[in-house]
Amino acid sequence: MLLLFAAVCCAAPIAGTINAYLAVTTGAQGQDVNGEGGSAADIPSRMLTAYKTAVQQVGRHVPTCRGMRWPILAGIAKVESNHATGRTIAPNADIRPKIYGVLLNGSGAGGNTTVFPDTDGGHFDGTAHGERAVGPFQFLPSTWQGVGEDANGDKVADPHNGDDAALGAAIYLCGNGRDLTKQTQLRAAIFQYNRSNAYVANVLGFIEQYTAAAKAPALNNVTGRARTVIEAALAQRGVPYSWGGGNANGTTFGICCSPSGKSGATIKGFDCSGLTTYAFAQVGIRLPRVAAAQAGVGRRIPAHLGTSALRPGDLVFYAYAPGRDSTIYHVGIYLGNGQMINAPRPGAVVRQDPVSAMPGYAGGARLL
């Protein structure tokens, strides 16, 4: 039984839709706005700037709003337009070609069954034969006329401009002065944006992942190869867990199936040892594919020495029977201050966790 469960988080590559709540996030550091640093690999940099700028500006328009953060705007834009990915985003944030939704004429296309009469003569949505949503935040022209503001200083409020659209979304979500730090009010804001509980759950999932991407650990005293390994791993925060996924080159589709019956075959991401394999490959260290085998590489740090014996860049192991390396089932990378970068389990994403988050601490290994 122990052998069966030895690879609960880190499958060996044996024979054999990214969840809508997950986003492929994180990467290089961006400008810190309102306490929210970090970045996200699936967001074009100009759009991320637009989201952060909107957070700075929304208080001018809704001064009683509380808790607006760029991950909230990113969660909406991810679902509405995938951050305008595939379009050209100009330095002033104009997006071309423009993004148009389906014509809301009750035809059933795109799921619409209600007729929305034209309100703008085609000025924003390019047609006078009805309404269609526009821009990266998919505003109806009638809604945009109530919340649209000029965010980039060109004296035009344009829903096809990333800066303007992000600010309009922030204003709309803030309402008359919501406190978005409260989950009930955040949910209400998202529900107002699209009156669907499935939509709310979807957006909240993305907000959670972008929030994780925004929280970067301090690496001031970490240098050399350890820093390279850690930064490579941190750049994968928010990437979906995939049973059997990941190798020295990056994310891969996984395999079927984990002991809990979860398949990684349709999920491109990492399991725990796939993540460590990738991170250490960035400094030329080739690791075995499964966690138990990785414990045999480098200088072993016994569990009885405690986590204080770990240094940033060390591997961190977990076992069903600590002291018996054959029962190791999980591995992470130590960041310092009791934290690790972790691909924990099916249904989760790569994230920063306390070392105590996993049971059965089994020491570490120093490769650097």
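Analyst: Happy to! Buried means under 20% relative accessible area, exposed means over 50%, and partly exposed is in between (1.4 Å probe, protein chains only). This is a predicted model, where local features need pLDDT of at least 70, side-chain atom pairs count only at pLDDT 80 or more, and totals for chains, interfaces and linings use all residues. Residues are numbered from 1 along each chain as its sequence is written, and side-chain values use heavy atoms, with hydrogens and water left out.

User: Thanks! How many residues of H3 are buried?

Analyst: Ten of the twelve, so H3 is mostly covered. Among them are Trp-70, Pro-71, Lys-78 and Ser-81. Helices here are DSSP runs of H or I with at least four residues, strands are runs of E with at least two, and both are numbered from the N terminus.

User: And what follows H3?

Analyst: Asn-82, with a positive phi near 55°.

User: Switching topic: which helices supply at least two residues each to the lining of the largest pocket?

Analyst: H3 and helix H6 (183-193). By class, that lining has twelve nonpolar, ten polar and two charged residues. Nonpolar covers Ala, Val, Leu, Ile, Met, Phe, Trp, Tyr, Cys and Pro; Asp, Glu, Lys and Arg are charged; the others, Gly among them, are polar.

User: Last one: what stands opposite Tyr-318?

Analyst: Tyr-361 in S10. Strands S6 (315-319) and S10 (361-366) pair in the antiparallel sense over three bridges; pairing takes at least two DSSP bridges.
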